[in-house]
Amino acid sequence: MLRLGDVVSRHGDIPPTAAEQAVATVRRFRLLGEAAGATEFLAKATSAIRRAANGGEVVDRIRAETGVRVDVIGGQEEARLIFGAVRASVVLDPAPAVCFDLGGGSLEVMVGDASSLMWATSVPLGVARLSADCVHSDPISKADRRALRARIVEVLTPVVAEVASFEPKLAVGSSGTLESLAQMVAARRAEDTPTTLNQLTITRREFLALHKELLASRAADRLRYEGLDARRVDLIVAGTMVLATVMELFDLDQLTISEWALREGIVLDAVGRHDPDDWSDDPHAIRGSAVLGLARRCNFAEPHARQVARLALDLFDATARVHRLGSADRELLEFAALLHDIGEHVASSAHHKHGAYLVRNGQLRGFSPAQIELLAAIVRWHRRGEPRVSDEFPLLDADAIERVRVLAALLRVADGLDRSRNQNVYGIDAMVTPSLVLLRVSALDDAELEIWGARRKRALLEKVLDRELELTTRPSTG
């Protein structure tokens, strides 16, 4: 974290020490890349280099001493790259979304949906620039606060009018300062802080409570704030004022966080032929692509996982009028089925617990923290035991655990129906009565092992459906 934006805001150029740090950083990154077998190196420079009086000299020096050519990009290009990352990381639904990326030198404002960027601008409201120009006291004085807010309002007022014409229905924030503010808000909630901030949503009310404290605090006090990186202690005052003013001017009740921003946007843009699902208009495709990516990184048994997912969805549909769960739960069941055995990548013993850990820490795009907890819990309980409210899943209340009970119960029976791992079962019919669920199984070959496997795992499903579960085979017609 070189903070060139801060340096340039205070000096007008990049002093020799900062220039040396920039060169050394690029040189170290190149060495790391070469060690990993990389043959192409990409470096982008943004606001700080554009504004620095000696920015061109620093760029030339980097190329001469490291062999890496630095591409100095404009605000519009920066916004395009950022938005490419945001829409591959967060489900932009409802759309369109207005997105804010708050950096050191500039604030990018973008409007778009899952298929395209509709409009973007870059304005000189970066936290380093604002801190250098407007924050001269600790804690910030009322005069500095008024000057800071006036600057932000003046620059953003015409942007508000432009954005309003698109009638955005969702607000997304990215980059370090907004992530830090969201993490501080999350740390103040009653539940444990989620392992990932991606798609975490904070409300205006809870943020403003933090905002008021930050404006009254000294830098020494802010060092103790949970969720705030020490390197941002002096910049966060400008950052919180930007977000508070943005939420006021754009009339935002909440903000959703994207952990992907410019860095990931550069990668996606450079790859060129990345997973087409990243650009899909279908929110399910983003989540599905992320789930399959995690499963493949864990060397999952794909034929078995897909068979269990198909059977689980058949069971879900066959018993829908009893469990009364909706499409969002059906989707979670499918993803949990695809991931249910990934813990075997760590160890066969207790693989359900290893699997839950991998889901929680798998950086799954398109999921909120609560959805990731649900998914992890279903994987955790797909083998045995009864889901319950506990410290193991602090984000899940009694209603959420009840959903987990149903979905885990369905997953267990589906897993039993592929006990042979030969994908023998190709169809399920169900007859549901007030006291019984009768499943008639169609199989390619003798299904005795699959029936046995499902019967062994039916106890929880019988409990959640309040019906006995019996299985039988249908005679093959082929």
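Arg 324 is exposed, with a relative accessible area of 71% (exposed means over 50% relative accessible area, buried under 20%, partly exposed in between, with a 1.4 Å probe and protein chains only). Arg 324 sits in the loop between helix H15 (320-323) and helix H16 (327-339); helices (H or I, at least four residues) and strands (E, at least two) are DSSP runs, numbered from the N terminus. Although Arg 324 is not a glycine, its phi is positive, about 60°.

The model is a predicted one, in which local features need pLDDT of at least 70 and side-chain atom pairs count only at pLDDT 80 or more, while totals for chains, interfaces and linings use all residues. Residues are numbered from 1 along each chain as its sequence is written, and side-chain values use heavy atoms, with hydrogens and water left out.

**Backbone and burial**

Ser 175 also has a positive phi, about 85°, and is not a glycine. Ser 175 belongs to the loop between strand E6 and helix H8 (176-187). The table sets out relative accessible areas.

| Residue | Relative accessible area | Class |
|---|---|---|
| Arg 324 | 71% | exposed |
| Ser 175 | 15% | buried |
| Ser 217 | 5% | buried |
| Phe 207 | 0% | buried |

Two cis peptide bonds can be described. One joins Ala 95 and Pro 96, with omega about 0°, and Pro 96 is in the loop between helix H5 (75-89) and strand E3. Another joins Asp 138 and Pro 139, again with omega about 0°; Pro 139 lies in the loop between helix H6 and helix H7 (142-164).

Asp 138 and Pro 139 are both in contact with Ser 217, as are Arg 222 and Tyr 225, leaving aside neighbours of Ser 217 within four places in sequence (contact means heavy atoms within 4.5 Å). Ser 217 is placed in the loop between helix H9 (204-216) and helix H10 (219-222). Its side chain reaches the backbone oxygen of Leu 214 at 2.8 Å.

Phe 207 lies in H9. Not counting residues up to four places away in sequence, Phe 207 touches Leu 181, Val 185, Ile 202, Thr 240, Leu 243, Ala 244 and Met 247. Its C-alpha atom is separated by 20 Å from that of Leu 156, 51 residues apart along the chain.

In strand E3 (residues 97-102), 6 of the 6 residues are buried. Ala 97, Cys 99 and Asp 101 are buried on one side, and Val 98, Phe 100 and Leu 102 on the other. E3 runs antiparallel to strand E4 (residues 107-112), with 6 bridges joining them (two strands pair if DSSP finds at least two bridges between them). A hairpin of 4 residues connects E3 to E4, and the bridge partner of Phe 100 in E4 is Val 109. E3 is parallel to strand E6 (residues 170-174), to which 5 bridges join it; here Asp 101 stands opposite Ser 174.

Which residues line the largest cavity? The lining is made up of Phe 100, Leu 102, Leu 107, Leu 178, Val 242, Leu 243 and Val 246. On a 1 Å grid over the protein atoms alone, a cavity is a set of points where a 1.4 Å probe fits but cannot get out, and lining residues have an atom within 4 Å of a point. E3 and helix H11 (236-249) each supply at least two lining residues, and H11 gives the largest share, 3 residues. The space in this cavity is about 40 Å³, a volume being the space filled by probe spheres set on the points, which are joined across faces, edges and corners.

**Nonpolar cores**

The largest nonpolar core has 67 residues, and Leu 339, Ile 342, Val 359 and Leu 375 have the most contacts inside it. Such a core is a set of buried Ala, Val, Leu, Ile, Met, Phe, Trp, Tyr and Cys residues joined through side-chain atoms within 4.5 Å. Helix H19 (residues 398-416) contributes the largest share of this core, 11 residues. A second, separate core of 52 residues includes Val 135, Leu 197, Met 241 and Met 247.

Key:
A polar contact is a pair of N or O atoms within 3.5 Å; within protein, one must be able to donate a hydrogen and the other to accept it, and residues adjacent in sequence count only if both atoms are side-chain atoms. On a 1 Å grid over the protein atoms alone, a cavity is a set of points where a 1.4 Å probe fits but cannot get out, and a pocket is an open set with protein on both sides within 12 Å along at least five of seven lines; lining residues have an atom within 4 Å of a point.
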